[in-house]
Amino acid sequence: MEAGREAIAQLEERLRRYPADRYPVQHATARFHLGAALAHAGDLAGAEEALAAAARLFDPRRLGAEHGKAMNALGAVLRQAGRHGEGAVVLERAAAALEAAGLGAEHGAARFNLGLVRREAGDLTAAAEAFERARALFEEARAPGQIAAAARELGAARLAAGDLEAAREALEHAAGLAGRAGDQAGVGAAANVLGLVHLAADRVPEAVEAFRAALAAHPRGVRPAEHAMAKANLALAHERAGDAVHARAAARQALGVPAAPEPVRDQAQDVLDRLGGAPGDVLALLDAEERERWPALVREEIVRWVDADPGERREELGAWIDGQLGRDAVAPDLAEAFVASLLELPPDGMETVMRSTVEALSERDAAAQRSFRSQVAMATARFHVPQLLRVRDAFNAIAVELGEEPAWS
């Protein structure tokens, strides 16, 4: 924020040093950069004023490339402001100027922005045409990241128009290109929309696979809002498949992301309202999964518990304790997955879950307490000594703080 304000101040000073009547090109250049900085800062009115002035000062007959770039930026700002009709007119002019200047990639960018404006205005046919043109221009410019973005938006437009096969082809192309370019955010965005295409076509297993790919590309700690969206969509796919346990788990994990957008939260809550469910679903989930998937599934749940309401977290841990104790044959593996997940949490998160574990365990009888602590101790012995000591000492410290005996060994 501070760097942005400083950049704006420097550009405003540059405008004063280069008045438009004496230095029109320098003044226009500063106006252009000021408009970009103001747009980034969220000042759309200021950005519009600066970019419109830059576009006027860049004579389209002599400085067609600069004029086109300023018009493209202005059109993007008008789109952000929700003025789609005006934005489309400006972007059409920007595209024409950039095409005349022979700037293929920049021309593609203007067509891409035009596609966004057309789609948001509800003209899906014109949007698809703009994205198709943008993709072709980016391909000529050999810009894989931009090709992937145009293909992704083309796929979304085709999906909205109901052309599912064309949408699938575009989105698979987008995901592949983004992957080769190392653009994980692009992979996740394309895979998420591809999952929606598969759901619309009633290809439920393919939808589940696509949403899982989106989740892998959108880690919870890196892109939490996108992660929550993919989780909520995965919940729908599992529900469509008749898999209530997986659907409830995915819906709860979507709701457990603090940054989840409101529509995502509503969608996830609707799944839970339809399917019900009680604490402890994760144990039923593990019962249905191969043993090698347990660590990842337990980790996802424990991460959710860190952010959960304390009462809900204690209920979930109580259900985990009961479920682990009730599964003698697999209790060591369950305890190992539990301890491994604790060790992967940041210190504050680990302490939070451990504290709720000790609190929930205190509500069980003495025999259950001894048995659970013994299972955790045996599981901890599978780890390196520093990790073993870390878990044991942390549990004992929390127990003492809560007025209990340090019986974790």
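**Buried and paired residues**

Reader: Is arginine 304 buried or exposed, and with what relative accessible area?
Author: Buried stands for under 20% relative accessible area, exposed for over 50%, and partly exposed for what lies in between (1.4 Å probe, protein chains only). Arginine 304 is therefore buried, its relative accessible area being 3%.

Reader: On what basis are such values given?
Author: Residues are numbered from 1 along each chain as its sequence is written, and side-chain values use heavy atoms, leaving out hydrogens and water. The model is predicted: local features need pLDDT of at least 70, side-chain atom pairs count only at pLDDT 80 or more, and totals for chains, interfaces and linings use all residues.

Reader: Which helix holds the glutamate 316 that meets arginine 304 in a salt bridge?
Author: A salt bridge (a side-chain nitrogen of Lys or Arg within 4 Å of a carboxyl oxygen of Asp or Glu) joins the side chains of arginine 304 and glutamate 316 at 2.9 Å, N to O. This pair links distant parts of the chain, 12 residues apart, from arginine 304 in helix 16 (residues 294–307) to glutamate 316 in helix 17 (residues 310–325). Helices are DSSP runs (H or I, at least four residues) numbered from the N terminus, and the one holding glutamate 316 is helix 17.

Reader: What is the relative accessible area of glutamate 312, which also meets arginine 304 in a salt bridge?
Author: The side chains of glutamate 312 and arginine 304 meet at 2.9 Å, N to O. Glutamate 312 counts as partly exposed because its relative accessible area is 31%.

Reader: How many salt bridges does the structure hold?
Author: One of them joins arginine 392 and aspartate 393 (3.2 Å, N to O). The structure's total is 38.

Technical notes:
Helices (H or I, at least four residues) and strands (E, at least two) are DSSP runs, numbered from the N terminus.
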